[in-house]
Amino acid sequence: MRMLAHSLPLLLDRVAFAAGDVEILRDVSLTISGGQPTILLGPNGAGKSVLLRLCHGLLTPTAGTIRAGNGGASTEHTALVFQRPVMLRRSVLANIAYGMRGGNTHTRASELLQRVGLSHLAARPARKLSGGEQQRVALARAWGRDPEILFLDEPTASLDPAATRAVEEIIGEIAAQGVKIVMATHDLGQARRLAGDVLFLHCGQLYEHTPAAEFFAAPKTPEAAAFLRGDLLT
Amino acid sequence: MHMGDFSQAILLAFGLMTSGDPGLWQIVGLSIAVSLSAVLIATILGLPVGAALALGRFPGRDALTVTFNAAMGLPPVVVGLLIYLLLSRSGPLGEFGLLFTPKAMVIAQAFLVFPIIVALSRQVIEDLWAEYSEQLRSLGSSPLKSIGTLLWDGRFSLVTTVLAGFGRAAAEVGAILIVGGNIDGFTRTMTTAIALETSKGDLPLALGLGIVLLAIVVLVNIAAWMVRGVGERFAGA
């Protein structure tokens, strides 16, 4: 654990977000603290991606406030792995070194590349890699930002089971380093494997925030129960 | 003109190229030097303007974008005339005595190429920014670093932009004819020489020069093609 927490706990107080006239999130209040991964569940269009971007500081709430540790939401001490990460038009190693602070980036990037098992691809153009490999590069790149919270936006949504397992292993390793994981997914199996607690989002509103065991055994809201049964929520 | 003239012209062109005629190579050298200098200046000035138009949000941005797009088709003779008025003895820049010198030709061609660099690089940078902006912000990239990233990652497309500018400069005759004067041994280029020889009726010589010019343009484009190919292989551009 770190001595100085810049981003934890993450507190959202009646946060809303609208894009023009379209309300995407409304009245979301929650607290995210350190510890086990927090999994953000909900159907497509629930507002998961927007919530992650707000917490990461890429978007600003149209109402309400976000407090991260002793400041506001910022990309400074948090990192985000996008569902489709953008690979810069340069080598794999250069992609990982790009966002790093401080010196010695080449060595540190090489170490991270080794940890995600892609050392042999260091000199390759990143955009020529497979989807699964690109996602691992994105994880290493986010890790290289040395974040206190790592947000992940459905990082395995378009990956096959083998690539998904590789990504989950890396996420587990990052979590073991004391980095708080906050991950959006609609893969229930993945949520069960990783979750410490669950945020259930539906139609832009937060329905539940409960420990994972409780959420999967006895969801409090009919919407979450329906989601767990695999019903199509409207 | 008879078919025989074409074969004669082709023979003459090869004859010219292999003869080592210093007059010819002086003309070819000046043409390339003027166009390259103009493209260099237009690129140094045009890339920042293109980047500003792509990334900036300021009043009049749309009007400027349309203006530069339209200016890609500026008639060379009109640009030549404007530069002529600027540089002529009684013009505002007349005291520098630049009219009918290669420098005047560089200025005129830089004027022609500048809008091409601005308009095309704006498009390249804007498209790249649409793809990159969120990712770069997430990685803590400052605005200045982001601009550098866009220019570097767009480098292969930007090379194509610069070559489009070079093509425009190398092919035009109107502007350099007016401000250069087509003075033998001083401001005569391939295009002005072709215009002159055609008007004198020396079609084989005009055609021969035309073939040399075409060969240069083709060579430059082959080089561009190879640069792109290398970019795709090594950077996935």
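The contact between the chains takes 18 residues from chain A and 13 residues from chain B, where two residues are in contact if their C-beta atoms, placed from the backbone, lie within 7 Å. By class, the chain A side that touches chain B has nine nonpolar, three polar and six charged residues. Nonpolar here covers Ala, Val, Leu, Ile, Met, Phe, Trp, Tyr, Cys and Pro, charged covers Asp, Glu, Lys and Arg, and polar is the others, Gly among them.

This is a predicted model: local features need pLDDT of at least 70, side-chain atom pairs count only at pLDDT 80 or more, and totals for chains, interfaces and linings use all residues. Residues are numbered from 1 along each chain as its sequence is written, with chains lettered from A and ligands numbered from 1 in the order in which they are written.

Next, chain A. Of its 234 residues, 47% count as buried, that is, with 20 or more other C-beta atoms within 10 Å of their own C-beta, placed from the backbone. Its C-alpha trace spans about 50 × 40 × 35 Å along the principal axes.

Now a helix pair in chain B. Which residues make the contact of α4(B) with α5(B)? From α4(B) they are B:Pro76, B:Val79, B:Gly80, B:Ile83 and B:Leu87; from α5(B), B:Ala104, B:Ile107, B:Ala108, B:Phe111 and B:Leu112. Helices are DSSP runs of H or I, at least four residues, numbered from the N terminus. The residues of this contact divide into nine nonpolar, one polar and no charged.

Definitions and conventions:
Buried ≥ 20, exposed ≤ 12 C-beta atoms within 10 Å, placed from the backbone. Helix = DSSP H or I, 4+ residues; strand = E, 2+ residues; numbered from the N terminus.
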